[in-house]
Amino acid sequence: MSRSVNAAVTAVYSGTFDPLSLGHEDAIRRAAQMFDQVIIAVAKAHHKNTMFTLDERLAMAQAALADCPNVKALPFDGLIVEFVRAQNAQVIVRGLRSVTDFDYETQMAGMNRHLAPELDTVFLHTSAQVQHISSTLVREISKLGGDVSGLVSTPVLNALQGKAATKH
């Protein structure tokens, strides 16, 4: 695919974001420096029993990245390549924490390339200080009353604490 030199490039970073962690934010903020626009594609995730509703996850993403004017969060359902096309985006961004992530993400990138040859996938290796963070661990630690303040941003921490308060 040829692109005009001055054409704006839009990237999509997708996930469930249940909740959005500092690891996710690291990849999104770095992508926001590379691309003209970054869309956080928040999956409806019918197959998962999420802690937060889709609207709550969208609101957390918008609040956590409010200081990045070229980042917005939108809901999506279905194939990511169809969402990317619908947004007129050109790039899928994926964060990598480990070799396990690399194996899975490489397979997904290959399949996405098969389905949409015009799209590219860019891998961003997570910064060392947030490499150990996963949404699953954040949820578990939070549910058990542990301190997750170093794992999520303030808006997400407030939402987690709000969930904990409603359970008691």
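A: On a 1 Å grid over the protein atoms alone, a pocket is an open set of points where a 1.4 Å probe fits, with protein on both sides within 12 Å along at least five of seven lines; its lining residues have an atom within 4 Å of a point. Grid points are joined across faces, edges and corners, and a volume is the space filled by probe spheres set on the points. This is a predicted model, in which local features need pLDDT of at least 70 and side-chain atom pairs count only at pLDDT 80 or more, while totals for chains, interfaces and linings use all residues. Residues are numbered from 1 along each chain as its sequence is written, and side-chain values use heavy atoms, with hydrogens and water left out.

The largest pocket holds about 1,200 Å³ of space. Its lining comprises 47 residues, and Ser14, Gly15, Thr16, Lys48 and Arg94 lie nearest the centre. By class, the lining has 18 nonpolar, 19 polar and ten charged residues; Ala, Val, Leu, Ile, Met, Phe, Trp, Tyr, Cys and Pro count as nonpolar, Asp, Glu, Lys and Arg as charged, and the others, Gly among them, as polar.

Helices (H or I, at least four residues) and strands (E, at least two) are DSSP runs, numbered from the N terminus. At least two lining residues come from each of strand E1 (10–15), helix H1 (22–34), helix H3 (80–86), strand E4 (91–96), helix H4 (99–115) and helix H5 (135–143). H4 gives the largest share, nine residues.

Strands E1 and E4 also belong to an open sheet of five strands, ordered E3-E2-E1-E4-E5 with parallel pairing; two strands pair if DSSP finds at least two bridges between them. Strand E3 (71–76) and strand E5 (120–125) stand at the edges with a single partner strand each, so one side of each is left without a neighbour in the sheet. From one strand to the next, the twist averages 30°. Axes are lines fitted to C-alpha atoms, for helices over the stretch in contact, and angles run from 0 to 180 degrees between N-to-C directions.

E4 and E5 run parallel and are joined by six bridges, and valine 93 has valine 122 in E5 as its bridge partner. Two of the lining helices pack on this sheet. H1 touches E1, strand E2 (37–43), E3, E4 and E5, and its direction makes about 125° with that of E5; contact means heavy atoms within 4.5 Å. H4 touches E4 and E5, and its direction makes about 170° with that of E4.

Leucine 96 stands opposite histidine 125 in E5. The chain passes from E4 through H4 to E5 in a right-handed β-α-β crossover: with the strands pointing away from the viewer, the path from the first strand over the helix to the second runs clockwise.

The loop between E1 and H1 contains phenylalanine 17 and proline 19. Most residues other than glycine have a negative phi, and most peptide bonds are trans. Phenylalanine 17, although not a glycine, has a positive phi of about 55°. Aspartate 18 and proline 19 are joined by a cis peptide bond, with omega about 0°.
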